[in-house]
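Trainee: I would like to go through this model feature by feature. Please give the general idea each time, then the case at hand.

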Amino acid sequence: SKRNNRRRGSGEAMNALRLASRLAPRAAGRTAFQQPRASMIKALQQPVLSSNFSTKEPELYELGSVDSGYAADRVDRVAEPERRAFTYLLLSGVRFAYASTARVLVVKFVSSMSASADVLALASAEFDLSGVALGKTITVKWRGKPVFVRHRTPEEVAVEEGVSLSQLRDQESDEERTLKAEWLVVLGICTHLGCVPISGAGEYNGWFCPCHGSHYDVSGRIRKGPAPLNLEVPPYVFTDEAKILVG
């Protein structure tokens, strides 16, 4: 039993030595790692102090810029008032030139759209009616279109004024179609297909279109046939007792 106790005591001592030899390197490495880490944290916690730190705003050249053209072109409104006035004068002159150019272009564009002198001359035409006998019709030309001018008798005027509007397809009274009762001025173009009617013909002794058989009375109103409308009355005025200006 003594021998067994000795063996057991020596075995426990050997195990303690082995455990101590294993733990000693780990503890040494952990201590070596914790020391530089603690020093780094302490260094970061300290405030950063630099001898070059300043609260003054840096100049442009201190920032590395080499562009100094702004200083040469800059206008000092206090030290150089004449330079400011010159700048304003130059801007005003350029804007005035732009406005003048735009005005000239607009005027030329509008004038190009206006009718020329020869076109305006053809836009209106004056005719002398003194030679037209009572009951007769003449044909004149206005803007390339035939115009019928009839000198109506009192009997013809009375007949046309007595026509009821209910008898007309295109309802217009005789007074609405004339400026003077004895004179009738209408375009000589049939309202059906643009033919030129024959004067003094037809069932109503006014105008007759032989192309499709339209009959107009002495007031130029459609009374029979396919034409849908009355003969058109052009714009005209009396410039004298026996002169009219058409257009």
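**Strands, rings and turns**

Mentor: Strands, like helices, are DSSP runs numbered from the N terminus (E, at least two residues, for strands; H or I, at least four, for helices). Two strands pair if DSSP finds at least two bridges between them. The model is predicted, with local features needing pLDDT of at least 70 and side-chain atom pairs pLDDT 80 or more, while totals for chains, interfaces and linings use all residues. Residues are numbered from 1 along each chain as its sequence is written, and side-chain values use heavy atoms, without hydrogens and water.

Trainee: In what order do the strands of the open sheet stand?

Mentor: The order is β2-β3-β4, with antiparallel pairing. β2 (137-142) and β4 (183-187) are the edge strands, each pairing on one side only. On average, neighbouring strands of this sheet are turned by 25° against each other, direction ignored. Such angles are taken between N-to-C directions, from 0 to 180 degrees, with axes as lines fitted to C-alpha atoms (for helices, over the stretch in contact). Within the sheet, Thr 139 stands opposite Phe 148 in β3.

Trainee: How many aromatic pairs does a search of the whole structure find?

Mentor: The search finds 2. Rings of Phe, Tyr and Trp (its six-membered ring) pair if their centres lie within 6.5 Å; planes under 30 degrees apart count as stacked, over 60 as edge-to-face and the rest as tilted. Phe 148 and Trp 207 are stacked, at 5.6 Å centre to centre and 5° between the planes. This pair links distant parts of the chain, as Phe 148 is in strand β3 and Trp 207 in strand β6 (residues 206-209), 59 residues apart. The planes of Tyr 236 and Phe 238 are at 70° and their ring centres 6.0 Å apart, so that pair is edge-to-face.

Trainee: Are Phe 148 and Trp 207 buried or exposed?

Mentor: Buried means under 20% relative accessible area, exposed over 50%, and partly exposed in between (1.4 Å probe, protein chains only). Phe 148 counts as buried because its relative accessibility is 4%. Trp 207, at 0%, is buried. Tyr 236 and Phe 238 are buried too.

Trainee: What pairs with β10?

Mentor: Strand β1 (residues 125-128) pairs with β10 in the antiparallel sense over 4 bridges, and Asp 128 stands opposite Lys 243. Strand β9 (residues 236-240) also pairs with β10 antiparallel over 4 bridges. Here Phe 238 stands opposite Ile 244. A hairpin through 2 residues joins β9 to β10.
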